[in-house]
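Good morning, and thank you for coming.

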Amino acid sequence: MTPALHGGLRLPGNKQRSTQKPLRLIPAPDQVVLPLDQHAGAPAVATVRVGDRVLRGQLIARAESEISASLHASVAGTVLAIEPRAVPYHRNGPSTCIVIDNDGSDATASVAAVDHAALDPRALCEYIGNGGIVGLGGAAFPTAPKLRRGQQNDGPHLILNGAECEPWISCDDMLMREHAQQILRGAIILCHALQAARCTVVIEDDKPVAESAMRAAQAELHDERIVIQSVPTIYPAGGENQIITVVTGLEVPASGLPSDIGVLCHNVGTAAAVARWLDNGEPLIRRIVTVTGSGVTEPGNLEVWLGTPMSQLVDHSGGYSGSIARLLMGGSMMGLALPSDDLPVVKASNCLVAALPADLHLRGMEMPCIRCGNCSEACPVMLLPQQLHWFARSNDFAALESLGLMDCIECGCCDYVCPSQIPLAQQFRQAKPALVERLTSKQQASLARQRYESRDQRLERIEAERQAKLAEKRKAMTQNNHPGG
Amino acid sequence: MTFGTSPAPHVIAPNSVRRVMRLVLFALAPAIVMHIVFFGVGLLVQLFLGAIVALLAEAIALKLRRKPLQPFLTDGSAIITGVLLAMCLPPLAPWWLVVSGSAFAVLFAKHLYGGLGSNPFNPAMVGYAVLLVSFPAQLTQWLPPQLADLQLLRPGVGDTFYTVFMGHLPAHLTWDAITSPTPLTSMRNSLSMGMTMQEAQANPMFGAMGGRGWDWINLSLLGGGVWLLVLRIVRWHIPLAMLAAIAVPAAVMNAVDPGAYPGATFHLTAGASMLGAFFIATDPISAATSNRGKLIYGAGIGLITYVIRTWGGYPDGVAFAVLMMNAAVPLIDRYTVPRVYGHTR
């Protein structure tokens with residue numbers, strides 16, 4: 001039995017458009033732009049200088065913090081610049097990027113294949129980190145620190161996420177169809193790194209071709225740890241916490257991590273990247289990007305060298321057709337509307353949707369909330385968005401905190417069903433940092449108060465000691481005055 | 001190439017406040033037809049007046065508040081207020097009754113609190129309650145259902161318009177000759193005169209379920225309500241809780257003393273039970289918001305309605321019950337926040 005996810009939506013997937021043709025590797029561009037902060041956590045630190053010659057696959061920036069990821073050259077050539085460039089992120093502003101001029105040689109740094117079984121789990125984690133591997137589901141969380149946290153548990157249940165619940169995106173679908181064995185190789189390596197006894201590969205039931213490919217590969221493998229599980233297609237069942245709940249029936253504690261309930265979740269693309277790094281010596285320098293939408297002539301899935309401008313993906317898909325209303329990185333629910341196609345493909349770029357007006361249904365005029373409750377029915381985290389909306393408008397941070405604003409996963413289900421067409425997810429995205437700031441300042445205030453109180457106590461103690469000494473002195477003096485007493 | 005941007009999500013369901021209100025109006029249509037079948041065209045006049053005045057009041061309020069007219073006049077919420085109020089009034093009630101009630105509902109109960117989405121009380125019920133306490137006599141002048149076996153003098157279409165707009169009956173009619181109490185009032189009067197329920201129900205105005213005519217109106221409202229449930233415009237929690245909280249005490253009291261207390265079927269098909277359960281208590285703006293809260297809110301309305309009908313000073317109690325529970329909503333909402341994912345409580 002599959003435990004039901006609370007709420008969620010059955011959305012038109014729009015995935016068939018991009019799954020008709022096989023995966024295709026597109027040639028590297030003349031120039032790649034590689035942001036140092038294209039993963040969650042601290043930016044990587046550049047290890048090359050302008051003018052250096054680099055090989056494809058060579059390390060160009062190193063992770064120097066606990067949560068960070070290394071970066072490798074996706075083409076061979078010369079480092080042209082290390083400078084701020086525009087990047088496709090949710091936050092505004094440019095990021096420092098390493099720009100490499102492709103010399104067209106495809107000269108590749110040779111890295112020997114590594115037998116994972118020869119490494120102990122700790123060393124294996126470390127080695128996976130060297131490959132610059134991050135979660136390829138969209139969040140780009142560095143894989144090595146995630147594994148390290150999972151290791152603290154003994155034998156967690158590894159979940160490989162191939163749900164791909166968001167509309168339009170089909171890169172995991174195509175990966176599972178064409179590289180099922182590579183994913184399972186990655187699963188075995190990750191199982192070793194985690195000492196996991198169980199691994200469940202989860203696929204939504206709208207991907208029967210991918211599922212049968214995975215089942216065939218698994219049957220060949222004869223590894224009893226690995227099972228393939230089909231789950232109903234519901235958005236956002238592919239969210240990390242959501243898929244964990246769907247598979248295990250357990251909830252990830254609000255203030256904890258999946259490892260607290262003995263689970264670790266990775267994307268199927270991440271597993272394949274791990275296998276490619278260990279078996280072929282290729283770090284994370286390319287990824288599969290779905291290029292789709294009614295506004296692109298030949299939709300499909302492309303294998304793309306990181307740092308390639310988005311415009312080239314469209315060029316290799318027959319170019320734009322019609323007037324594009326939005327260019328989205330990611331799907332239509334959580335995707336980022338890009339201001340331009342002159343932005344580089346990053347590790348988090350799973351999909352590019354060139355959307356015509358008919359592909360979208362943009363908001364009309366925002367009306368007042370009528371408290372219909374559609375939003376709380378749809379919310380996968382069981383929040384009351386209608387109440388959060390009310391308190392976000394009035395900046396009532398105490399209420400926002402107690403109603404669980406920080407638990408919002410920004411999936412946009414509430415927006416989707418809102419008859420008043422209120423941009424709820426956006427409102428919550430904006431309210432979160434303000435609430436965090438409030439909480440931090442509250443924490444700081446209480447720290448300051450503690451410090452103040454302890455200072456008071458210290459002063460009192462010093463005063464009391466001084467008085468005691470004085471009294472002693474006086475006593476001593478009195479005694480001295482009466483030597484005979 | 002450059003493109004326009006907007007925050008995610010980039011696709012929303014083709015839904016709007018206007019659509020919700022329109023579907024609610026459609027769901028009322030069968031009951032309106034039944035009402036006209038049994039009580040004549042008076043309701044049409046009341047509906048027309050109620051809706052027009054509600055829209056006028058809405059426009060005036062929006063103008064005074066410097067809000068855009070178009071989106072709020074066309075959202076359908078003012079029309080619903082006017083229509084629901086009109087459906088509670090006797091078909092021959094004088095024009096100024098529905099006009100003042102509708103205007104009061106929109107101006108005072110809705111816009112003084114901030115307009116659409118901000119009113120803590122259901123505007124139509126505020127309007128009705130104000131009329132009920134201010135002009136109780138006019139609100140009792142109901143007509144008997146138009147049934148072949150009930151040989152009563154009936155006002156024609158012309159008489160209806162004359163009465164509503166002139167405020168008095170044409171010369172050839174008298175109130176005594178044409179009016180009849182509602183089933184709830186009749187039952188109440190009979191019981192208070194010491195009759196048993198069975199004796200009271202011997203009156204030909206009662207049928208197998210409850211008051212004849214009223215039973216069909218209530219069943220039509222039930223049908224419309226179920227349609228709204230299917231469309232997921234309303235959720236089952238409030239209607240079910242409210243109807244159960246009317247039916248259960250009614251059934252228990254009826255079992256205890258069948259002579260003095262009408263049963264569940266009578267209560268469910270009389271008065272504003274179904275209108276209240278599916279169209280008034282479910283007004284989301286003034287209702288509790290979580291599912292658990294909705295159950296408490298609906299049950300409260302049902303129970304208070306039954307208590308007022310049985311032991312209170314009015315034959316029906318839906319309006320007052322709704323208003324009382326409206327007042328309790330902030331409290332209910334505060335104590336019925338659902339558990340959030342990943343939290344133990």
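What covers the buried residues of helix H1 of chain B? The cover includes helix H2 (42–64), helix H4 (77–88), helix H11 (214–230) and helix H14 (273–280) of chain B.

Please bear in mind that this is a predicted model. For chain B the mean pLDDT is 92, with 99% of its residues at 70 or more. For the complex, the predictor gives an ipTM of 0.90 and a pTM of 0.87.

Let me turn to H1(B) itself. Beyond the helix comes B:Gly40, with a positive phi near 85°.

Which residues of H1(B) are buried? Among them are B:Val17, B:Val20, B:Met21, B:Val24, B:Ala27, B:Leu28 and B:Ala31. An α-helix has 3.6 residues a turn, so residues three or four places apart point the same way.

I now come to the contact between the chains. Chain A contributes 53 residues and chain B contributes 36 residues. On the side of chain A that touches chain B, the elements giving two or more residues are strand S15 (326–329), helix H10 (385–393), helix H12 (413–417) and helix H13 (424–481). The residues on that side of chain A comprise 31 nonpolar, 15 polar and 7 charged.

Terms used: Residues are numbered from 1 along each chain as its sequence is written. Chains are lettered from A and ligands numbered from 1 in the order in which they are written. This is a predicted model: local features need pLDDT of at least 70, side-chain atom pairs count only at pLDDT 80 or more; totals for chains, interfaces and linings use all residues. pLDDT is the predictor's confidence in each residue, from 0 to 100. A residue is buried if 20 or more other C-beta atoms lie within 10 Å of its own, exposed if 12 or fewer, and partly exposed in between; C-beta atoms are placed from the backbone. Helices (H or I, at least four residues) and strands (E, at least two) are DSSP runs, numbered from the N terminus. Two residues are in contact if their C-beta atoms, placed from the backbone, lie within 7 Å. Ala, Val, Leu, Ile, Met, Phe, Trp, Tyr, Cys and Pro count as nonpolar, Asp, Glu, Lys and Arg as charged, and the others, Gly among them, as polar.
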